[in-house]
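Visitor: I have a model to look at and some questions about its packing. Please show it.

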Amino acid sequence: MSTPASTPARPVKQKKSGFLSNMIFNIVIPAVILSRFSGEDALGPVWGVVVALAFPLLFGLWELLQSGKVNFYSILGIISVLLTGGISLLQLDPAYIAIKEAMIPAIIGIIVLISQYTPYPLVKKLLINPDLLDTDKLYQALAAQQNRELFEQRVARAGYVVALAFFVSAVLNYVLAKAIVVSQPGTTAYAEELGRMTWLSYPVIVLPVMVLLMGAIIYMFSQIGKLTRQSLEDFILQ
């Protein structure tokens, strides 16, 4: 008796965490703990910082395990949390918080900028994402219009905007941290200031940076249509 041919199993795509879960674990919960539960009558200033930072740290580690691969940005996020924890627990000068807040986006901006001068610009992975676009079909269409080289120039132009976004983030991070976090680590005031900085980081830092990044993405999508003379929908993976 013949057995039916087995259907090859489709690779299961790892589910990425959504925007809402990122907001909750990286901003909302830490900010609430720092601003509401770091007083002496609750967790205390030291344990308030430890518990608050545990959420983005564990969430970042969970993301790494879920994706099954090392994500450069997740690693930087985990390092950022560990540095904040180290500065807080060692009770270093609060000025180090401002330096740390500026350092992470500045490092990303520098890496993006340097990669512009290599055969593998990072911005291409961000803007021309093979999980979203049929890149083979895209490059064939560009070649048919003899616009492949012009397209690479436009990608490079967008890359400078992306690098600028991270540098703007670095400056805004530094200014925000310097203005808010002024108390000595180990005090309730310091923990509450960290919470206030976390709350304000979204409207003050994330929104302006997102405007620049979205501008770069919209620019590239418009260039795809212009240089291939086809609709963007023709290249979007179903």
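**Contacts and packing**

Guide: Apart from neighbours within four places in sequence, S183 is in contact (heavy atoms within 4.5 Å) with P94, A189, Y190 and E193. This is a predicted model: local features need pLDDT of at least 70, side-chain atom pairs count only at pLDDT 80 or more, and totals for chains, interfaces and linings use all residues. Residues are numbered from 1 along each chain as its sequence is written, and side-chain values use heavy atoms, with hydrogens and water left out.

Visitor: With which side chain does the side chain of S183 make a polar contact?

Guide: S183 sits in the loop between α7 (148-180) and α8. A polar contact is a pair of N or O atoms within 3.5 Å; within protein, one must be able to donate a hydrogen and the other to accept it, and residues adjacent in sequence count only if both atoms are side-chain atoms. At 2.6 Å, the partner is the side chain of E193.

Visitor: Is S183 buried or exposed?

Guide: Buried means under 20% relative accessible area, exposed over 50%, with partly exposed in between (1.4 Å probe, protein chains only). The relative accessible area of S183 is 16%, so S183 is buried.

Visitor: Which residues are exposed on the other side of α6?

Guide: T135, L138, Y139, A141 and L142 of α6 are buried. They span an arc of only 160° around the axis (taken from the directions from the helix axis to the C-beta atoms), so they are on the same side of α6. On the other side, the exposed residues are D136, Q140 and A144.

Notes:
Helix = DSSP H or I, 4+ residues; strand = E, 2+ residues; numbered from the N terminus.
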